[in-house]
Amino acid sequence: MGSLADNDITPIWSEAFETGDPEIDRQHQCLLVDSVRLKALVERGAPRDEVIAALTALIADCSAHFRFEEAMLRNTNFPRAEVHAGQHQAIEAMLQQLANMIADPSGTAPESDQLTITMEQKIIEIIVRHDLDFKSHLLAVHGR
Ligand SMILES: [Fe+2]
Ligand SMILES: [Fe+2]
C-alpha cells in the first residue's frame, strides 16, 4: 500500500471519516488515493491495461485493509465483528465483478469508464462511512 507522500493526488478526506484508529484511517486514505489515481487514469484515456492494473492494486489494497480491520474488530471484541466481515466479503465480490466487467474485451468502453470513475465515490460510501459502525467502539477501546 502506498503512502500519501509519494504522489501529488489529494484525496477527499474529511474528519467525519475518522474511525477512532489512526492506522485504519491511514489505510482508508490510501484506498482513496488508489481510487483517485484510477479515476485520473480513466479521465486522461490511459491504456486499458494500465486501468486494469490500477484497479487490481485497489482491490488488493482493499482486501489487505479488510483483513487488518477484521483482526482488529475481533481482537477488541466488537460485537458485530462477524457481520462486518461478511459485509467486507460482499464488497470484495462486487469489486471483483467490476474488475471482470472492465477486463472483458467485449464490454463497451464508456460503460466501464463510467463504472471506474465512480469507484472513488464507492470507496467513500461503502468502505469509509460503513466503518462508522465501529467508531464509538474503537474510541472506547483506545480510551478516548
Ligand atoms: Fe475500513
Ligand atoms: Fe469495514
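Visitor: In which loop is the place of asparagine 77?
Guide: This is a predicted model, in which local features need pLDDT of at least 70, side-chain atom pairs count only at pLDDT 80 or more, and totals for chains, interfaces and linings use all residues. Residues are numbered from 1 along each chain as its sequence is written. Helices are DSSP runs of H or I with at least four residues, numbered from the N terminus. Asparagine 77 lies in the loop between helix H2 (48–75) and helix H3 (81–103).

Visitor: Is asparagine 77 buried or exposed?
Guide: A residue is buried if 20 or more other C-beta atoms, placed from the backbone, lie within 10 Å of its own, exposed if 12 or fewer, and partly exposed in between. Asparagine 77 has 9 other C-beta atoms within 10 Å, so it is exposed.

Visitor: Which residues does aspartate 133 touch, not counting residues up to four places away in sequence?
Guide: Aspartate 133 sits in the loop between helix H5 (119–128) and helix H6 (135–141). Contact requires C-beta atoms, placed from the backbone, within 7 Å. With residues up to four places away in sequence not counted, aspartate 133 touches Arg80 and His84.

Notes. Chains are lettered from A and ligands numbered from 1 in the order in which they are written. Helices (H or I, at least four residues) and strands (E, at least two) are DSSP runs, numbered from the N terminus. Two residues are in contact if their C-beta atoms, placed from the backbone, lie within 7 Å.
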